[in-house]
Amino acid sequence: LADLHPLQDPSTAQGILEILWRLEGMLCEISGMDRVTLQPGAGSAAIYANVSMIRAYHAARGDAARRDEVVTTIFSHPSNAAAAKVAGYRVITLHPDPVLGRPTLDALQAAVSERTAALMITNPEDTGIFNPDIDAFVRVVHEAGGLAAYDQANANGILGITRARDAGFDLCHFNLHKTFSTPHGGGGPGAGACGVTEALAPFLPRPTVEPAGDGFVLDDDRPYSVGKIRPWYGHHYHFHVRLNC
């Protein structure tokens, strides 16, 4: 691993490509999603990757101009609102019911419309409260023509109990330092994997790791891709290139 260089021919890096492919498969099983990208360098980068794919999805359907709003909640991780704003969306923030301590389905229904591009929500929220109506939240957004992105920053306690896809989500992400409890360390280790359904797979960041014959290739020929979210696949690769430059 220490001797790998990101610009070497993929035929000489089959071991690491197989590791990436197998890890993607594990995260697909854990989330229920169809494809995963390991490219985003942190949780916030993963959220931005998700909102970029949401924007690309609506653009491909000719609906991007009309769908200019993203719904989130006040106790979802703030990067959801921030990433949506950076991507050009108007952000609608739901506040908790004073008794339940979480937003209600009625509040969501009042917020969604034909302008809704997506719901971007952390569950459990940053207060630690799990929303038991999460599948109904997703259904309401889908009925309005929007997508639903699951911020799994607080998912450590529910892994193996429920999955993003089981609640109907279209996208999700994993924080290495939160979902899998590695040391946080000044922003967390550089990993924020994104999972998507088959319908959103064409929009994944490029390149993707793909099986080919007895090995694996990096597929850069993806016309609907949102492009690169970060260079290479990790801090070491980026550092190595800088040293060699």
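Reply: The largest cavity is lined by Ile30, Tyr150, Gln152, Ala155, Ile158, Leu159, Thr162, Arg163 and Ala164. Here a cavity is a set of points on a 1 Å grid over the protein atoms alone where a 1.4 Å probe fits but cannot get out, and lining residues have an atom within 4 Å of a point. The model is a predicted one, in which local features need pLDDT of at least 70, side-chain atom pairs count only at pLDDT 80 or more, and totals for chains, interfaces and linings use all residues. Residues are numbered from 1 along each chain as its sequence is written, and side-chain values use heavy atoms, with hydrogens and water left out.

The lining divides into 6 nonpolar, 2 polar and 1 charged residues; Ala, Val, Leu, Ile, Met, Phe, Trp, Tyr, Cys and Pro count as nonpolar, Asp, Glu, Lys and Arg as charged, and the others, Gly among them, as polar. The space in this cavity is about 40 Å³, where a volume is the space filled by probe spheres set on the points, and grid points are joined across faces, edges and corners. The count is 1 cavity of 30 Å³ or more.

Tyr150, one of the lining residues, falls within β5 (147-151). Strand β5 is among the elements that cover the buried residues of α5. Those buried residues are Ile134, Ala136, Phe137, Val138, Val140 and Val141, buried meaning under 20% relative accessible area with a 1.4 Å probe and protein chains only. Helices (H or I, at least four residues) and strands (E, at least two) are DSSP runs, numbered from the N terminus.

Note on methods. On a 1 Å grid over the protein atoms alone, a cavity is a set of points where a 1.4 Å probe fits but cannot get out, and a pocket is an open set with protein on both sides within 12 Å along at least five of seven lines; lining residues have an atom within 4 Å of a point. Buried means under 20% relative accessible area, exposed over 50%, partly exposed in between (1.4 Å probe, protein chains only). Contact means heavy atoms within 4.5 Å.
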